[in-house]
Amino acid sequence: MKKFFALLLTVTMLLTLAACGGKTAAPAEKTEASAAQTEAPATPTEKTVYKVGVCNYVDDASLNQIVDALTTRLSEIGEEKGVEFVVDYDNCNADANVLSQIIANFMSDGVDLMVGVATPVAMAMQSATEDDPIPVVFSAVSDPVGAALVDTLDAPGGNLTGTSDYLDTAAVMNLIFAADPEADCVGLLYDMGQDASTAAIAQAREYLETRGVRVAERCGTTVEEVTLAAQALITDGADAIFTPTDNTIMTAELSIYELLAQAGVPHYTGADSFALNGAFLGYGVDYANLGRETADMVAEILLEGKDPAAVPVRTFDNGTATVNTETCAALGLDFDAVSAAFAPYCTRVASITTAESFDELK
């Protein structure tokens, strides 16, 4: 009997083990399936990153508008193309030593392209990249050929191209005499060290001398000097004052516009940002659009592989006359009458009120 129970116990244990062994296969398969389900998802493809160094020459409404439009447009293009533009922005505040250091920092950081806002910045970038031809796209350079940045507008050559805010000086002169046919003295207010002013002032001088109008010229390099120069032009008997796209005068406009308005002398200038800061009239390009076009050129070079040497410099229609309505009234002029007088000499007449930046008008 003992042998019988021992044999029965042995058979029972074997059957139990066999049953347990049959159940272990399914959990093993389930474990493999669970591992497959819980496996980490594939890492999405990382965006290609382009580093762009942007240097502004000075803090003024026109140039700041370019930078804002440029960075916004690059962000839009990045979203459209599935890439990322990392913009390293700095402002040298018209200090040549600071400008050189900013450019050196861009190059040591390995930027893929540099953007120079205004002629002095573009020229410094051109010099710095003679032996290391990083692509450079300039913005708001009034005379890129005269500044020797490019060979021609259609075929720049070298590693630079960009956008120009070339000013049709004769068009501004026409507006002066449309508003005041009897004007016999026109003042020229500028910084002789600004390359953006060189050609435009020469053209204005020639126009006025041909017309037989007396020319009074005054210059300044600081806000204080520009204020004294404006006062001197009033004393000179100027019936109107002309300033091209001169960044030094632009920076000083908020300090001189009331002085000129109180003296009854309208200030005609080469950009709507002057009118924003109180000048009677700003005539020229849309700087927000210029900034967007500059960004498009950056994208063409970095994303499409275009050679800056073969990308034509972009120029724009200088057809909009922007009148500051507050200054217009302070001068004792009627905006509707002024608009009617200007209409034959421009594509449109716009109005603006005085503010420090365009953001204040939004």
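Helix H4 (96–108) passes helix H5 (119–128) in a right-handed crossing. A crossing counts as right-handed if the near helix is turned clockwise from the far one by less than a right angle, and as left-handed if anticlockwise. Helices here are DSSP runs (H or I, at least four residues), strands are DSSP runs too (E, at least two), and both are numbered from the N terminus.

Before going on, a word on what you're looking at. This is a predicted model, where local features need pLDDT of at least 70 and side-chain atom pairs count only at pLDDT 80 or more, while totals for chains, interfaces and linings use all residues. Residues are numbered from 1 along each chain as its sequence is written, and side-chain values use heavy atoms, with hydrogens and water left out.

pLDDT is the predictor's confidence in each residue, from 0 to 100. The chain has a mean pLDDT of 89, with 88% of its residues at 70 or more. Residues 1–42 are another story: pLDDT stays under 50 there, and the model gives that stretch zero contacts beyond four places in sequence. Contact means heavy atoms within 4.5 Å. Where pLDDT is low, the predicted coordinates should not be read in detail.

Two strands pair if DSSP finds at least two bridges between them. Strand E4 (residues 136–139) runs parallel to E5, and three bridges join them.

Asparagine 93, in the loop between strand E2 (83–91) and H4, has a positive phi of about 50° although it is not a glycine. Alanine 118, in the loop between strand E3 (113–117) and H5, has a positive phi of about 95°, again without being a glycine.

**The seven-stranded sheet**

The other sheet in this report is open as well, with seven strands in the order E7-E6-E8-E9-E10-E11-E12 and mixed pairing. Strand E7 (214–219) and strand E12 (348–352) are at the edges with a single partner strand each, so one side of each is left without a neighbour in the sheet. From one strand to the next, the twist averages 25°. Strand E8 (residues 240–243) and strand E9 (residues 267–269) pair in the parallel sense over three bridges, and threonine 243 stands opposite threonine 269 in E9.

Helix H8 (residues 223–235) packs on this sheet, touching E6, E7 and E8, with a direction at about 160° to that of E7. Helix H7 (residues 195–211) lies across strand E6 (185–190), E7 and E8, running at about 170° to E6.

**Helix pairs**

Two packed helices are described by the angle between their axes and the distance between the axes.

| Pair | Angle | Axis distance |
|---|---|---|
| H3 (61–81) and H11 (287–303) | about 45° | 7 Å |
| H8 and H9 (247–262) | about 45° | 9 Å |
| H4 and H5 | about 50° | 10 Å |

H4 and H5 are therefore oblique to each other. Angles under 35 degrees count as roughly parallel, over 145 as roughly antiparallel, 65 to 115 as roughly perpendicular and the rest as oblique.

Which residues of H4 and H5 make the contact? They are Leu99, Ile103, Phe106 and Met107 of H4, with Pro120, Val121, Ala124, Met125 and Ala128 of H5. By class, that contact has nine nonpolar, no polar and no charged residues. Ala, Val, Leu, Ile, Met, Phe, Trp, Tyr, Cys and Pro count as nonpolar, Asp, Glu, Lys and Arg as charged, and the others, Gly among them, as polar.

H8 passes H9 in a right-handed crossing. Among the residues that meet are Val223 and Ile234 in H8 and Thr248 and Leu260 in H9. The contact of H8 with H9 has nine nonpolar, five polar and no charged residues.

H3 also passes H11 in a right-handed crossing. The residues in contact include Ser62 and Lys81 of H3 and Tyr287 and Leu303 of H11. By class, the contact of H3 with H11 has 12 nonpolar, four polar and four charged residues.

Conventions: Axes are lines fitted to C-alpha atoms, for helices over the stretch in contact, and angles run from 0 to 180 degrees between N-to-C directions.
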